[in-house]
Structures are given as C-alpha cells and as structure tokens.
Amino acid sequence: MSDELNSTGYDIPPEMQGQVAITTLDKIYNWGRRSSIWPMMFGLACCAIEMICTAASRYDFARFGMEVMRPSPRQADLMIVSGTVTKKMIVQIVRLYNQMPEPKYVVAMGACASGGGPFKEGYNVVSGVDNYVPVDVYIPGCPPTPQALLHGLITLQKKIDTQSIKQVRWYQKEGSEVIPVPVLGPDIMDPREYDLIKQYTAEKLLKQQAQLAEPASETSA
Amino acid sequence: MSELTITVDTSLTARFPESVVPDERKGYAGYIVKPENLIEVATALRDEMGYDYLTSLTGVDYLPDGKMEVVYHLCRSTGGSPLALKTQVGRQDSTVPSLVPVYPGAELQEREAWDLLGISFEGHPDLRRILMWEGFDGYPLRKDWREAFFEEEGKPFKSRWPEGKVYRVEDKNVFNKNIDYPAGFNPETWVPEGDVALYAGMGRIEPVGDGAGMKTDQVIVNLGPQHPSTHGVFRMVVTLDGETILALKPVMGYLHRNHEKIGERNTFLQNMPFTDRLDYLSSMSNNFGYALTVEKLMGIQPPERAEYLRVMMAELTRISNHVWAIGFLLNDLGAYFTPALYAIQERELILDVFEAVTGSRMMCNYFRFGGVARDLPEGTLDQIRKLVNDRLPRRVDELDRYLTNNEIIRARGEGVGVLTPQQAIAYSTAGPVLRASGVPYDIRRADPYSIYDRFEFDVAVRYHGDVYDRYLIRIDEVRQSLRILQQVVRNLPEGPIQEGKPQYQVRVPAGEAYGRVEGPKGELGYYVVSTGKPNPWRYHVRAPSFINLTALEPMSLGNKIADAVANLGSIDIVLGETDR
C-alpha cells in the first residue's frame, strides 16, 4: 500500500522510511474510495444471477472490498444495472439513482443495460440505461461472465484512481443535477423532453388530418 | 393423444351439439365453443369429465379473418394430454365471459390477455393491465400494433440480409429512443393513472369477528420492486392489520421484455436463444419445451443419443435450479447467504459442464429442432459421471443433514403458507408447489415426453402444502433427478445427435401445437401457431412462475408479513419468466 501512495516526488529520509508516508489528498481519498465500493443489492434480470455468482465463493469480489452489498440506495456507492431495463422499471431506477449519496457510480452490466441487447426492439425496453442515467463503465456480454464483471469493476477502480477532488462533479459549486423522474404516459416520457414531444405529436396530428383529407378531396374532384 | 381423451372428446360434442364443434382447420385440434356457452361447457368439463386443471389460457389475433381467439388448454390432474378449447369473437370490443369462477387459476392469465391483446373478460374480479402500466397506448400483441423500433413484420430484415446495409434504428426516431406517442397527445395535461385502481381494490377490509377486540388501523405496504427478498423486480402490495396480511396483490411487469412480440418477429430458430432468457436459471429446460413444440409441428423426432443428451441436460438443470432455490429460500428465512454459498458451489460445478458442452454458463442455446447443437467434448462424460454418482449425492445429503431438522427452518416453515390440494389444482399451480400440496402431478409421468417413460424414478410428493414441504420436495426431486441421471450416463448410446442436416431456416407446416415439459419451476408450455411462413404467427409461453403467483394471495392470507417473504421464496419465481 505504501508504495502505491508514496509517489509524490518527495523523498523520505532513510530513518523515517516505513514509518511515514507522504501522499496527495487526491490519492489517499481515491484509494479509500476505490477500496470500499459498496454496490447496491439490486438485481434486474439474468445478469443479476452472474452478479450473485461473482459475490459468491468462487469469484468472491470481497477481494476488492466490495462484499458489502446494501439493499438501501442511501448506503450504496455503486449501482450495478444488472439486466434489461424496462420502461416500467426505469422510473424506479432513476429514483434510486437520485437517492444514492454522492460520490456515486453506475456500471451497465451486460448487453441489455448497455444498449438494449437482444430485447432492444421491444416496446417496453429502454435501449440502454444511459438514456436516463450517466454510466461509468459498460460491460459487454449476455450475460457477462463473473470474470468480465470483475474486470469491469477493476476498470471502475482505475477510473476512480484518475479522479481529482477539484474536478469531480459532486464538489462543484453548483452541485450536481437531480435527474427528473420519467413519467409513465402512453409511452415513457422524460420531463426534459416535453417540448419535443408536443411538437412531435402536433406534427403527427397534422399529418394524419392531411391523410384523411386527401382521399376526400380526390373523390370530390 | 391417448384413447381415453378421444372417448371423452366425442361425448363433449354429443353433450353440447348446439354450441361445441370440433376445430377442423388444417393442423388444428380441439373444440370451438360459442362464447355464450363457454362457462356452461367449462363447468361440465370440470365437474363431469374430470378436466379440473386449467393449464394455459391465451389469445390469438387472427387479423386476416378479423377474429380474436381465446385458447384454453384443460387437463386432468390425474394425467393425460391436454384438451384444447377455443372461443372466437370479433376484433372490435372483443368480450368473452371470464372463467375465473370456474378456474380461479385463470385470473392472472386473463389479465395478461386483456393487457396484451385487448380481450375483455366479463365477470373478471379485477381486470387491470398486468405487464404494462395503466394508460399505455394500445394492445401490443395485436397484429396491427407496431412498436417504435418497428422495421418489418418478420425477420430476417431486409436491411441486414441479403444486402446487409445496417443502420441504427435510433437514428430514424425523433427522440433517439424507442418511444412513440399518439397524435395530438399533450404531455403537460396528462395525469398518470398510477396505482389508483390497484389501491382502490385494497381499501379497508372489515375484520372478522364482532370487532370487540383491540381497535387497529390497517396499512398498505409495498414490497418491491427494489427489495432484496423479491428475487428480482417483483412487487407485492399487502394490506396489513398489525402484522397480519388481509389482502395481497402481486404487481409485475417490471421485467416485461416483450418476449412474445419479439418471438413473433423472429424466425423459429431465432427464438431458441430467447427462450434461454425466460427462466434464466434453467435455460436447458426452456430450450427443451420449445424444441418439443416445434418438433410436434414439424413431425420430426431427434435421434437416440440426442434424446439422452436432452434428458441429461434437463435434469442437471433441475438440480442446479433446486439447490439455488433452496439456498435462496433459506436466505429469505434469515439464514443470510451461508446456505446459499453452499448451493452456489454445487451449481458452479454443473455450470462448468454446461460451459464445456455449450460454450456458455447460463444461456446455453443447446437444443435444435431434431437434435442438439453439439456433442459432449472429450472428458465431459467422466466429469458428469463423477458429479452424479459421487459428488452431488453426497452434497445433497449434506444439505439435508444441515437444514432439514434445523429448528428455525421448522419453526418458520411448518404450517406456514398452507395450500390445500383443492386450492393448488384450482389455482393452476404447477411443479413443486402442486406436488408439495399432495397432488402427484408430474408431466414426466402424467403425459410423458421425450424418453422419460424409460427411466425409473418416483414422482416426489409431500402432503402438507406448507413452506417446509415445499423445501423438502426440492430435496426429494434433486434425489430423483440424480437417479435419472445415473441411468442416463450408464446407458448413453453412441450415434448422431441431429436428425438430418442442421438447418438455419426450418420449414414449419401451418398449424398449432402446444408442447409442455416439466420444468424445474413447474409446467412450462409453449403454444405456437404457424402459418407456414418463416416466423410463428403466435408464440405464447405458459410460464410456471407467472401462474404459480396466482396462489400467492390465498397462501398468504392470515399469515404474518414476514411469512409472505417465505411463501414467495418457497414458490421459487424467476422474473424473466414471470414477466417475459
């Protein structure tokens, strides 16, 4: 551990070596966070089974300080979106994401969470959770093997290592935004897109009326 | 079809000459009954002819004929093949009488037909949408309904093949997502329907007795969809008096990924990997059921070695599913993760076999029409031999020794969540739930398929119908599966594994077929209608996890809230299959 932290460019006098460590704030802060990422206990579909297997004895992600799975979003650092995200469920997912305290990370596990996967064309399927919440790491596979999930989590750790307190969004003055919860209408609606939706449906109505009017005018002519 | 069924069938037309006619369309079987006589006929079938078990209920949209058909598959709980009963109505304002008064097991299935096909069931106690939300626009399984990412009616899409100019469907959509809204819709004036109807059905329930006791308040509690003990994204809404459950409604659809709509766009073979993802803990059994159904339509039989391989894989799946179910039932009872770790350890060994044989741990995609995809690689048979003759029997005994007489399990399980045999049949439960209630109904014996009639094994049955028995029956079934597997590895013949040449595009003659297997969760049925095209016209899955949930409320009424979790764990649901 001390080797990881002691690379600030300052030499430690020989008599102090092994007793004193010099590091930067970013480094020790990131090291603390990356070594105890608590995932939310939150399974969506098939990938959740592989996630459980990753937590179990053979693959054991406790080795990375991640064994504490929390059912409550208030106590979790990481949301592993493990499976197909449906329109009915995205409402809850956005809510859960908003409830997680910062710093928080999202891993899209598997093809469905990353982009809809085999179910992409489905009428109730959200083609990628990143349509609604920001994603840090995407893991390919259907489902990804436990090894692939571990690799994804290690990648997340590497990402955390490169972050700086000065730049991360949760320490900015303006704070980070709360994602508006989608509304279940005739189809799923993102409150940020209401204007676009209104424009689209108005155009669609005009087009339909024009189509209805056309054959009528032909017959009259 | 057995001779017994035929004799009863003729008596059905004799009994109702006016209202029942045999279904004479080519490739079809069963009877068509007039909607107004449906209840009368169903009651007679149940009470006089022994068809006491409603297996499956679904609808088919025959768009070219302008008809909606509701298809019922009825069975005898003593065994035999199912009887198909159909009723037809127009596509506008399709209304059929509800069969819930005759078969309470129709409740969730009728709601599903209403939700996805827009068939209204008159007299249904609680006809709401089930998989989609209230307020969703349209009935998605109707043939003229199109999703936002619609490309063509059937695959392979011209954009991919033969020219192969692939584009991203998102780019063609205004929103870059798969969403679409009706013309003239205004989101700002929209009031979401929410759960108003759901909660309205759960209002204050008058307590039993004279009310002289303590005055208590009733509360409605939501468990899920994000809850550690709902095995996924299932939601239960319960009305509580103190800790006692007065009403319980299952809410699902949070993992509804349009399996059937996509299945009707896919070619027959393309559906095979999708079936893996139904009950994702037991993909081999799902493959099995689908392969059997399409083989029924095609009229082909797999060769001997393939039959053995199929049974081998299906039984290994059953073992891996049941040890997992036991581990997670114990989780729900409060033995947090220790038994589950023992269970997962054994499951991993079986997954190793699957990975060696099929290339994938979970999504095996192993079965083909008329055979299986690959033969066993070198050394795998020895691996399986060691597993089924030595390792697994020992580990099952170990689970049994550690758990069965555990004081807490007995206290939490015995007498909790009791389902009587009459209830179990009436609510159409299947699999371990049905057999733990004292009904020895196992399709491997009741309506044998593949080569199960050659093996020696007992149908596991327990008689108390409580959580404890539903735990015990899974241990019993693992032992019986091991017995079958020991016979399979002893007798596995050499030979081809595929009838004819492996084909990408199979020719499936027009007609309908209902195929079913005894999956680990219960009766897994597929109802497929073919019109002779490369894609199925209708593709319906009779999902045991979904229909078993009908029995969750009767099981839990009067129990404590903590026991509802145990009841759910003992039914052993998988959401991929429940919501499809």
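In this predicted model, Lys177(B) is buried, with a relative accessible area of 7%. Its salt-bridge partner is Glu193(A), the closest N and O atoms lying 3.3 Å apart. Glu193(A) belongs to the loop between S5 and H7 of chain A and Lys177(B) to the loop between strand S7 (120-122) and helix H4 (196-200) of chain B, so the pair joins two chains. Glu193(A) is buried as well, at a relative accessible area of 15%.

**The interface**

In total, 58 residues of chain A are in contact with 64 residues of chain B. About 5800 Å² is buried between the two chains, and carbon and sulfur atoms give 64% of this area. Glu121(A), Tyr123(A) and Pro186(A) supply 16% of the area that chain A buries against chain B, more than any other three residues. Glu121(A) also forms a salt bridge with Lys155(B). Between chain A and chain B there are 9 salt bridges, and 32 residue pairs are in polar contact across the interface. Among the elements that give two or more residues to the side of chain A that touches chain B are helix H3 (46-55) and helix H4 (87-99) of chain A. The largest share of that side, 10 residues, comes from H7(A). By residue class, the side divides into 33 nonpolar, 13 polar and 12 charged residues.

**Salt bridges**

Over all chains, the whole structure holds 63 salt bridges. Several are listed below.

| Residue pair | Closest N to O distance |
|---|---|
| Glu193(A) and Lys177(B) | 3.3 Å |
| Arg538(B) and Glu264(B) | 3.0 Å |
| Glu295(B) and Arg310(B) | 2.7 Å |

Arg538(B) and Glu264(B) are both buried. Their pairing links distant parts of the chain, 274 residues apart, with Arg538(B) in strand S15 and Glu264(B) in helix H5 of chain B. Glu295(B) lies in helix H7 of chain B and Arg310(B) in helix H8 of chain B, so this pair ties together parts that are 15 residues apart in sequence. Glu295(B) is buried at a relative accessible area of 4%, and Arg310(B) is buried at 0%. Elsewhere, salt bridges with shared partners join residues including Glu315(B), Arg318(B) and Arg435(B) into one network.

**Nonpolar cores**

The largest nonpolar core has 208 residues, of which Met79(A), Leu85(B), Tyr280(B) and Met312(B) touch the most other members. Helix H8 (residues 304-333) of chain B gives the most to this core, with 16 residues. Apart from it lies another core of 22 residues, including Ile37(A) and Met51(A). Beyond its neighbours within four places in sequence, Tyr280(B) is in contact with residues of both chains, among them Leu44(A), Ile49(A), Leu255(B) and Met362(B).

Key:
Residues numbered from 1 in each chain as written. Chains lettered and ligands numbered in written order. Predicted model: local features only at pLDDT ≥ 70, side-chain atom pairs only at ≥ 80, totals over all residues. Heavy atoms only, no water. Core = buried A, V, L, I, M, F, W, Y, C linked by side-chain atoms within 4.5 Å. Buried < 20%, exposed > 50% of the residue type's maximum accessible area, 1.4 Å probe, protein only. Helix = DSSP H or I, 4+ residues; strand = E, 2+ residues; numbered from the N terminus. Contact = heavy atoms within 4.5 Å. Buried area = accessible area lost by both parts, 1.4 Å probe. Salt bridge = Lys/Arg side-chain N within 4 Å of Asp/Glu carboxyl O. Polar contact = N/O pair within 3.5 Å; in protein donor to acceptor, adjacent residues only side chain to side chain. Nonpolar A, V, L, I, M, F, W, Y, C, P; charged D, E, K, R; others polar.
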